[in-house]
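Colleague: I am new to this structure and would like to learn how to read it. Please take me through it feature by feature.

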Amino acid sequence: MKTIQKLLPALAIAGITFLYACGGSGGQSSTDSTATASPATTADIDPAAKSESKGIGRFTSVQVGPIDPAMAEKGQVVFAAKCSACHKVTDQKVVGPGLLGVTKRRTPEWIMNQITNPAEMEQKDPVGQALLAKHLTQMTFQNVTDDETRQILEYLRKNDSK
């Protein structure tokens, strides 16, 4: 019995540590009304469906033209360093969803806002909320610059053009 009493607090601390390391709630209180969606909102959104939403964040207009191979190459390097632990550019889920076809389903603005503003996107954007509900792990901010974010977008565009 004493062993169990000593083991339970250690297991609780380990569990909390694991949840925090995997993204947790981003420090938002569960009583914060802006941090949760109404069940109908999230339930009605299919995270695999195409959306024209621009998301929530500073990117409101992103102009894209023909794929820039040099920028895509830089984006591949940034993706490998900051994104590949949780995402693949195939349809295979790792921690987060596989990203194959993401540029066909999401606007450039939405993708860039998700990369640079994941906590608010998953709290307030209906598509972000649906993705969080499906994958059960909040995307963590990777301290990606605006230029790196644009490079990642170009890499994802190139991947989706194959």
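Predicted model: local features only at pLDDT ≥ 70, side-chain atom pairs only at ≥ 80, totals over all residues.

Modeller: Residues are numbered from 1 along each chain as its sequence is written, and side-chain values use heavy atoms, with hydrogens and water left out.

Colleague: What does the secondary structure of the chain come to?

Modeller: Helices (H or I, at least four residues) and strands (E, at least two) are DSSP runs, numbered from the N terminus. Here there are eight helices and zero strands.

Colleague: How much of the chain do buried residues make up?

Modeller: Buried means under 20% relative accessible area, exposed over 50%, and partly exposed in between, with a 1.4 Å probe and protein chains only. Of the 162 residues in this chain, 33% are buried.

Colleague: Which residues of helix 3 are buried, and which are exposed?

Modeller: Ala72, Gly75, Val78 and Phe79 are buried. Seen down the axis of helix 3, these buried residues fall within an arc of 120° (taken from the directions from the axis to the C-beta atoms), so they line one face of the helix. On the other side, Pro69, Glu73, Lys74, Val77 and Ala81 are exposed.

Colleague: What do the buried residues of helix 3 pack against?

Modeller: Contact means heavy atoms within 4.5 Å. The buried residues of helix 3 pack against helix 8.

Colleague: Where does Ser53 lie, and which residues does Ser53 touch?

Modeller: Ser53 is in the loop between helix 2 (39–44) and helix 3. Not counting residues up to four places away in sequence, Ser53 touches Thr107, Trp110 and Asp125. The C-alpha atoms of Ser53 and Trp110 are separated by 6.4 Å, although the two are 57 residues apart along the chain. Ser53 counts as partly exposed because its relative accessibility is 25%.

Colleague: What volume does the largest pocket have?

Modeller: On a 1 Å grid over the protein atoms alone, a pocket is an open set of points where a 1.4 Å probe fits, with protein on both sides within 12 Å along at least five of seven lines; lining residues have an atom within 4 Å of a point. Grid points are joined across faces, edges and corners, and a volume is the space filled by probe spheres set on the points. The largest pocket has a volume of about 810 Å³. It is lined by 39 residues, of which His87, Gly96, Pro97, Leu99 and Met139 are the closest to its centre.
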